[in-house]
Amino acid sequence: METGVVKGGLARVGLPLTDEQRRQMNERAGDLIDRAVLHALGVGSPDWLAKAQAQRPEKTTMAEVSISDLLREARRRRPKETALAEVAISEYLLAWLGQISAGAAQTAAESGASYVELGAAAGMTRQGAKRRWPGLP
């Protein structure tokens, strides 16, 4: 799964990321999601390994078959189930990240951050921050 990261927020609060750091974050997040999708589908059985190895005969063990190989095979064999697993995992992660963001916004506000600062950190306007996190101190 290809992921993207909003560029502006971290730089606005003094935490600039280089393009290489963004690329690495995207790659790691994508790999984590791909592994979760494969786990949800029960991928990794000997049958799945045999199919993945058939496409890449130079690879002989599970450790040598990449996550990409397995995910490609999952999408070929079970496209609907794979896509639904990606939706479910992505929605779970969005909710989880929303909770982390809300807690961090609460802590920032309690530490004196304004809605202007919260908005800048999140890459949105003051009004957007006020809509996302209403009622902060």
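Reader: With which residue does Arg-23 form a salt bridge, and how far apart are the closest N and O atoms?

Author: Side chains of opposite charge can pair when their charged atoms come close. A salt bridge is counted here when a side-chain nitrogen of Lys or Arg lies within 4 Å of a carboxyl oxygen of Asp or Glu. Arg-23 pairs in this way with Glu-27, the closest N and O atoms being 2.7 Å apart. Two notes on the source apply: this is a predicted model, in which local features need pLDDT of at least 70 and side-chain atom pairs count only at pLDDT 80 or more, while totals for chains, interfaces and linings use all residues. Residues are numbered from 1 along each chain as its sequence is written, and side-chain values use heavy atoms, with hydrogens and water left out.

Reader: Why are Arg-23 and Glu-27 separated by about one helical turn?

Author: An α-helix has 3.6 residues a turn, so residues three or four places apart point the same way. Arg-23 and Glu-27 are separated by about one turn because they are four residues apart in helix H2. Helices are DSSP runs of H or I with at least four residues, strands are runs of E with at least two, and both are numbered from the N terminus. A second salt bridge joins the side chains of Glu-20 and Arg-23 (2.6 Å, N to O). Since Glu-20 and Arg-23 are three residues apart in helix H2, about one helical turn separates this pair too.

Reader: Which residue forms a salt bridge with Glu-86?

Author: Arg-75 does, with the closest N and O atoms 2.5 Å apart. This pair links distant parts of the chain, since Arg-75 is in helix H4 and Glu-86 is in helix H5, 11 residues apart. Glu-86 is buried because its relative accessible area is 13%, whereas Arg-75 is partly exposed at 36%. The count of salt bridges comes to five.

Reader: What polar contact does the side chain of Arg-22 make?

Author: A polar contact is a pair of N or O atoms within 3.5 Å; within protein, one must be able to donate a hydrogen and the other to accept it, and residues adjacent in sequence count only if both atoms are side-chain atoms. The side chain of Arg-22 makes such a contact with the side chain of Asp-19 (3.1 Å). Arg-22 belongs to helix H2 (residues 19-41) and counts as buried because its relative accessibility is 13%.

Reader: How is the length of a helix such as H5 checked, and what does H5 pack against?

Author: The expected span is 1.5 Å times one less than the number of residues. For the 32 residues of H5 this gives 46 Å, and the end C-alpha atoms are 46 Å apart, so the two agree. The buried residues of H5 include Ile-89 and Leu-93. Contact means heavy atoms within 4.5 Å; the buried residues of H5 pack against H2, helix H4 (67-77) and helix H6 (115-122). Just after H5, Gly-112 takes a positive phi of about 105 degrees.

Reader: Which residues make the nonpolar surface patch?

Author: Patch residues have over 30% relative accessible area and no salt bridge; like charges are joined within 9 Å, and nonpolar side chains (Val, Leu, Ile, Met, Phe, Trp, Tyr) within 5 Å. Accessible areas come from the Shrake-Rupley method with a 1.4 Å probe, and for residues only the protein chains shown count as cover. Tyr-92, Trp-96, Leu-97 and Ile-100 make a nonpolar patch of about 440 Å². Ile-100 is located in helix H5 (residues 79-110) and counts as partly exposed because its relative accessibility is 42%.

Reader: How many helices and strands does the protein chain have?

Author: The protein chain has seven helices and zero strands. Of its 137 residues, 26% count as buried.

Terms used:
Buried < 20%, exposed > 50% of the residue type's maximum accessible area, 1.4 Å probe, protein only.
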